[in-house]
Amino acid sequence: MSLLELDDVSITYRLADGELPAVRGVSLALDAGQALGVVGESGSGKSTLAMALLRLLPKDARVTGSVRLDGEDVLAMKWGRLRAVRWAQASIVFQGAQHGLNPVRRIGEQIAEPLLVHKLADPDRARRRVAELLDQVGLPAWRAKSYPHELSGGQRQRVMIAMALACEPRLIVADEPTTALDVMVQAQVLTLIRELVAAEDIALLMISHDLSVLADLCDRLVVMYAGRVVESAPAGEGFTHPYSKALAAAFPTIGDPASRLAPQGLGGDPPDPLQLPTGCVFHPRCPVALDTCSTVEIDLRPAGDRRTAACVLAGEA
Ligand SMILES: Nc1ncnc2c1ncn2[C@@H]1O[C@H](COP(=O)(O)OP(=O)(O)OP(=O)(O)O)[C@@H](O)[C@H]1O
Ligand SMILES: [Mg+2]
């Protein structure tokens, strides 16, 4: 049994003029100490999926399928249990999360809050734990006394990571945790997350639209397109699905002369979720589509060593 197991998860938003399928039939598994990267264009359903893991979606979202954390069905949990699981067993760092810090409270108090709320520490122990956490994320202990406005964006994002680590969760979900930061700070924060995950045997689910970031950091990559997983592959071993390949080509490897010759980007736009194409949803943009691709939708299928891809051409090479 894996720490996190998703089985056939679909998520629909109810809109005034219909139902928007944001996530469609996603299954995946993640073990402790593993880092899984989820990549895909804007609107492919990454954040919707992340929020479903801890039932943080708005009320107009309907989730089907199953989400299991340590064998426990998250979608069936009572509120009390869910509150206990959030932060303590699994925590989320959001894109631009540093703006979520309370501006009028010292950061030490804010990091200590989940520990106190979950009764995992008395105030004295919580203070010591805050100093320890600040040290882990590379901030001096005296920063506990600072207010959020006294910190830089990168430092605030480190505080958010300290908060996510406070209760020693088994799973951390990081949804574009560094997109708001400049490139140098971004690299520092990502390296930090990766080191902490390895040291503490935490499972990490990291979301980004930047494949180069994920490829460095993760053991495995899952590529999403229009709400579906189109490929799941070990990081750094290339891709099989034409969409994943196009995505990879859009992120040339710095210093690799061959990558300069690769085709840049992908023509066209992602499909309107309210009017998904028939057959394989990628076929209108696919450079190698066959006639059948406009009518037949292909499920994920084995496509090599520890790899699956949802393409009619996969597994034939
Ligand atoms: N609260 C909501 N109500 C209705 N539709 C929503 C809501 N949130 C997201 N959507 C729609 O669901 C789809 C998936 O959105 P989501 O935010 O999960 O994508 P994403 O992959 O995280 O994109 P990005 O890279 O831009 O963060 C999009 O079509 C979006 O418009
Ligand atoms: Mg998102």
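This report describes the ligand shell, the helix packing and some individual residues of a predicted model.

## The shell around ligand 1

Ligand 1 is surrounded by 14 residues, and the closest are Tyr-13, Ser-42, Lys-46, Ser-47 and Thr-48. By class, the residues of this shell comprise five nonpolar, eight polar and one charged.

Two elements, strand E2 (18-30) and helix H1 (46-53), each contribute at least two residues to the shell around ligand 1. Of the contributors, H1 gives the most, with three residues.

## Helix H3 and its two partners

In helix H3, the buried residues are Ile-107, Gly-108, Gln-110, Ile-111, Ala-112, Pro-114 and Leu-115, and these buried residues pack against helix H4 (123-136) and helix H5. The two helix pairs are taken in turn below.

The axes of H3 (residues 107-117) and H5 (residues 153-165) come within 8 Å of each other and cross at roughly 25°. Because angles under 35 degrees count as roughly parallel, H3 is described as roughly parallel to H5. The crossing of H3 and H5 is right-handed, and the contact is made by Ile-107, Gln-110, Ile-111 and Pro-114 on the side of H3 and by Val-159, Ala-162 and Met-163 on the side of H5. The residues of the contact of H3 with H5 divide into six nonpolar, one polar and no charged.

The axes of H3 and H4, for their part, come within 9 Å and cross at roughly 120°, an angle that makes H3 oblique to H4. H3 passes H4 in a right-handed crossing. On the side of H3 the contact is made by Gly-108, Ile-111, Ala-112, Leu-115 and Leu-116, and on the side of H4 by Ala-126, Arg-127, Arg-129, Val-130 and Leu-133. In terms of class, the contact of H3 with H4 has seven nonpolar, one polar and two charged residues.

Leaving aside residues up to four places away in sequence, Ile-161 touches Val-93, Val-137, Leu-192 and Ile-193. The C-alpha atoms of Ile-161 and Leu-133 are separated by 9.0 Å, with the two residues 28 residues apart along the chain; Leu-133 is also one of the residues of H4 in the contact with H3.

Ala-164 is likewise found in helix H5, and Ala-164 is buried, with 27 other C-beta atoms within 10 Å. When residues up to four places away in sequence are not counted, Ala-164 touches Ser-91, Val-93 and Ile-172. Ala-164 and Leu-276 are 112 residues apart in sequence, and their C-alpha atoms are 36 Å apart in space.

## Helix H8 and its surroundings

Helix H8 (residues 242-249) is largely enclosed by the rest of the structure, because six of its eight residues are buried. The buried residues of H8 are Pro-242, Tyr-243, Ser-244, Ala-246, Leu-247 and Ala-248. Their packing partners are helix H7 (211-217) together with strand E3 (35-39), strand E9 (220-225) and strand E10 (228-234).

## Residues with positive phi

Most residues other than glycine have a negative phi.

Just after H3, Lys-119 takes a positive phi of about 55°. Asp-201, which is not a glycine, has a positive phi of about 60°, and Asp-201 is found in the loop between helix H6 (183-200) and strand E8 (203-208). Asp-201 counts as exposed because it has 12 C-beta neighbours inside 10 Å, and the criterion for an exposed residue is 12 or fewer.

Ala-226 is a residue other than glycine with a positive phi, near 45°, and Ala-226 lies in the loop between E9 and E10, two strands against which the buried residues of H8 pack. Whereas Asp-201 counts as exposed, Ala-226 is buried, with 24 other C-beta atoms within 10 Å.

Conventions. Residues numbered from 1 in each chain as written. Chains lettered and ligands numbered in written order. Predicted model: local features only at pLDDT ≥ 70, side-chain atom pairs only at ≥ 80, totals over all residues. Near = placed C-beta within 6 Å. Helix = DSSP H or I, 4+ residues; strand = E, 2+ residues; numbered from the N terminus. Nonpolar A, V, L, I, M, F, W, Y, C, P; charged D, E, K, R; others polar. Axes fitted to C-alpha atoms, helices over the stretch in contact; angles between N-to-C directions. Parallel < 35°, antiparallel > 145°, perpendicular 65-115°, else oblique. Left-handed = near helix turned anticlockwise from the far one by under 90°. Contact = placed C-beta atoms within 7 Å. Buried ≥ 20, exposed ≤ 12 C-beta atoms within 10 Å, placed from the backbone.
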